[in-house]
Amino acid sequence: MKRKLITISVILTGLFAVIAAFSFPYDVDAPLSAQEMEKARQYYASAYQSSAAASEKASSEAETKYLQVAAEADQNSHITEQVQDFVQRFHLQQRPVLDIGSGRGYLQDLVENYTGLDISPTVARFYHKKFVLGSATAMPFADNSFDAAWSIFVFEHVPNPEQALRECRRVLRDGAVLLLLPAWNVPNWAADGYPVRPYSDFNVAGKLIKASIPVRTLLPVRAASRVSARAARAAAFALPGPTSLHYRRLKPNYKDYWMPDSDAVNSLDRYEVMTWFRSRGDDCLSCDGISGSVFMSLPPYLIVRIHKRPM
């Protein structure tokens with residue numbers, strides 16, 4: 001009996017190690033070419049053309065679908081209500097607040113002192129409050145400019161997310177609060193729309209991928225994958241000093257917007273991002289006392305209190 005238990009333990013340990021190896025977020029920030037940045041800018045600029053005034057040229061079907069799917073995601077996730085709760089909880093109505101990746105600016109009236117930042121120049125027409133054209137990885141603001149910031153469904157589209165997180169900390173003041181709600185753990189099959197397209201769209205390999213998705217999305221399978229990856233990172237988190245941000249880089253589909261996050265460029269894990277902040281002395285205000293556990297259960301968003309160390 002004892003030998004059988006040892007054998008089972010060895011098998012389970014080996015299986016855990018294999019899952020961890022496949023699930024580990026190996027990617028880190030890498031410099032982007034000017035061509036890659038320009039391609040992303042053009043894509044998001046064209047995506048918002050479909051909301052132009054009636055006198056402007058009609059948009060393409062793909063652009064219309066982009067806006068429709070994005071609007072449905074906002075509504076289904078009750079984004080306005082969540083951000084409104086954030087504003088009220090931290091008394092931000094009169095404070096200077098930054099909306100990172102503000103898109104069409106649908107949250108601009110939740111606070112008085114609002115600034116929207118977006119990479120797309122075509123969204124400027126949606127604003128009656130301050131709008132600034134710029135990238136999340138190089139924000140055109142001075143250090144310590146804002147008391148709060150939020151970013152909704154944006155960071156999965158930022159090619160260098162760690163640089164964007166650094167920029168968040170730079171432009172926020174000591175004691176500021178940050179609400180982050182990206183699409184966490186974006187699957188690599190979103191770009192090709194496997195869940196929403198028929199089997200007839202795919203070759204044999206594609207059909208196998210589509211057939212595997214119901215199993216791969218089961219809660220036990222997803223939990224095993226994420227917990228094993230988080231456990232592998234826990235050793236690095238235990239070391240002194242700031243950690244680097246690890247994530248999975250994805251190949252975005254800028255041609256066909258099949259489903260939410262078809263255009264995502266990375267897959268971020270909440271535990272990884274939370275610990276990135278904590279290793280710099282910041283507090284996770286949405287972790288409910290279990291922020292050190294790889295088994296943690298978090299709400300969809302992260303709320304972080306920034307604590308800047310004296311220089």
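Because the model is predicted, local features were required to have pLDDT of at least 70 and side-chain atom pairs were counted only at pLDDT 80 or more, while totals for chains, interfaces and linings use all residues. Residues are numbered from 1 along each chain as its sequence is written, and side-chain values use heavy atoms, with hydrogens and water left out.

The protein chain has 8 helices and 9 strands. Helices (H or I, at least four residues) and strands (E, at least two) are DSSP runs, numbered from the N terminus. Of the 311 residues in the protein chain, 45% are buried; here buried means under 20% relative accessible area, exposed over 50%, and partly exposed in between (1.4 Å probe, protein chains only). Contact was defined as heavy atoms within 4.5 Å. Among contacts in the protein chain between residues at least 6 apart in sequence, 67% join residues at least 24 apart.

Helix 4 spans residues 79-89, and its buried residues include I79, V83, F86 and V87. These residues lie on the same side of helix 4, because they cover an arc of only 100° around the axis, the arc being that of the directions from the helix axis to the C-beta atoms. An α-helix has 3.6 residues a turn, so residues three or four places apart point the same way.

Helix 4 is followed by H91, which is found in the loop between helix 4 and strand 1 (97-100). The phi of H91 is near 55°, a positive value in a residue other than glycine. Most residues other than glycine have a negative phi. H91 counts as exposed, at 60% relative accessibility. L92 is found in the loop between helix 4 and strand 1, but L92 counts as buried, at 4% relative accessibility. Not counting residues up to four places away in sequence, L92 touches F86, V87, V97, V111, A148 and V177. L92 and V177 are 85 residues apart in sequence, with a C-alpha to C-alpha separation of 9.7 Å in space.

A positive phi is also found at N144, where the value is near 60° in a residue other than glycine. N144 is located in the loop between strand 3 (130-133) and strand 4 (146-152). With a relative accessible area of 37%, N144 is partly exposed.

D118 lies in strand 2 (residues 114-118) and is buried, with a relative accessible area of 8%. Leaving aside neighbours within four places in sequence, D118 is in contact with G101, S102, G103, V123, F131, V132, L133 and G134. D118 and M139 are 21 residues apart in sequence, and their C-alpha atoms are 9.7 Å apart in space.

Helix 5 (residues 161-171) packs with helix 8 (residues 270-278) at an angle of about 45°, the axes being 12 Å apart. Axes are lines fitted to C-alpha atoms, for helices over the stretch in contact, and angles run from 0 to 180 degrees between N-to-C directions. The angle makes helix 5 oblique to helix 8, given that angles under 35 degrees count as roughly parallel, over 145 as roughly antiparallel, 65 to 115 as roughly perpendicular and the rest as oblique. The crossing of the two helices is right-handed, the term used if the near helix is turned clockwise from the far one by less than a right angle, with anticlockwise giving left-handed. On the helix 5 side, E162, L165, R166 and R169 meet V273, W276 and F277 of helix 8. M274 lies in helix 8 and counts as buried, at 1% relative accessibility. M274 and L302 are 28 residues apart in sequence and 7.3 Å apart in space, C-alpha to C-alpha.

A search of the whole structure for disulfides (pairs of cysteine sulfur atoms within 2.5 Å) returned 1. This disulfide joins C284 to C287, with an S to S distance of 1.9 Å. The link of C284 and C287 is right-handed, with 80° about the S-S bond. Both C284 and C287 are buried. Another cysteine, C168, is buried with a relative accessible area of 1%.
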